[in-house]
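Colleague: I am new to this one. Please show it to me, then take my questions one by one.

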Amino acid sequence: MQASNTKKLILTIVVFLIINFGGLAIGGLFTGNGATSDWYLNMNRAPWTPPGWFFGVAWTTIMICFSVYMALLWYRVENRNFLLGIFGLQFLLNVGWNPVFFYFRNVLLGLFVIVLLTFLIGFFTNRYWKTLKLKSALVLPYLIWLVIATSLNAYVYLMN
């Protein structure tokens, strides 16, 4: 890879990092004390719910990997408008889950949002696997976490 291409890739990774971590920050504004609120703590939660500190570690890892994935994809796809469209939808669903679940306390709608997000990331994984080949593994932490998070949300909905 040429130096100019490397610089472009690094800049693109940084842009996606800013967007993705910005989304986490926006979502966090709507979470407030949601995970430590009496409302959430008094719910029946799944026995496999990870400790609170794990969520920060998971999302940091996911967003770093997803940002690199998106930057690599950016230079390999022909239809960037489509890529931006599904990335934007992913962003809205990801950011939107926090206010739906924690601020509005709508567990069923939260489940709907996270199921859509899970399917969308599954779509990313499937659609672009041939494009990035093994580098597509960068999106797998996101997909795996969403499957777990969906199960946590579903448990809260079914048991409360």
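Modeller: One term comes before the rest: helices (H or I, at least four residues) and strands (E, at least two) are DSSP runs, numbered from the N terminus. The model is predicted, so to speak of local features takes pLDDT of at least 70, side-chain atom pairs count only at pLDDT 80 or more, and totals for chains, interfaces and linings use all residues. Residues are numbered from 1 along each chain as its sequence is written, and side-chain values use heavy atoms, with hydrogens and water left out.

Colleague: Does Lys133 count as buried or exposed?

Modeller: Buried means under 20% relative accessible area, exposed over 50%, and partly exposed in between (1.4 Å probe, protein chains only). Lys133 has 55% relative accessibility, so Lys133 counts as exposed.

Colleague: What is the phi of Lys133?

Modeller: Most residues other than glycine have a negative phi. Lys133 is not a glycine, yet its phi is positive, at about 50°.

Colleague: Which helix gives the largest share of the nonpolar surface patch?

Modeller: A patch takes residues with over 30% relative accessible area and no salt bridge; like charges are joined within 9 Å, nonpolar side chains (Val, Leu, Ile, Met, Phe, Trp, Tyr) within 5 Å. A salt bridge is a side-chain nitrogen of Lys or Arg within 4 Å of a carboxyl oxygen of Asp or Glu. Ile26, Leu29, Phe30, Tyr103 and Phe104 form this patch. Three of its residues, the largest share, come from helix α1.

Colleague: How much accessible area does the patch have together?

Modeller: Areas come from the Shrake-Rupley method with a 1.4 Å probe; for residues, only the protein chains shown count as cover. One member, Phe104, lies in the loop between α4 (80-103) and α5 (107-132). Phe104 has 60% relative accessibility, so Phe104 counts as exposed. Together the patch residues have about 590 Å².

Colleague: How far apart are the end C-alpha atoms of α5?

Modeller: The expected span of a helix is 1.5 Å times one less than its number of residues. For the 26 residues of α5 this should be 38 Å, which agrees with a separation of 35 Å.

Colleague: On which residue is the kink in α5 centred?

Modeller: The bend at a residue is the angle between axes fitted to the seven residues ending there and the seven starting there. In α5 the kink is about 30°, centred on Asn126.

Colleague: What separates the C-alpha atoms of Ile62 and Arg76?

Modeller: Ile62 is in helix α3. Its relative accessibility is 3%, so Ile62 counts as buried. Arg76 is 14 residues from Ile62 along the chain, and their C-alpha atoms are separated by 21 Å.

Colleague: What separates the C-alpha atoms of Ile13 and Trp74?

Modeller: Ile13 is in helix α1. Ile13 is buried, with a relative accessible area of 17%. Ile13 and Trp74 are 61 residues apart along the chain, with C-alpha atoms separated by 9.7 Å.
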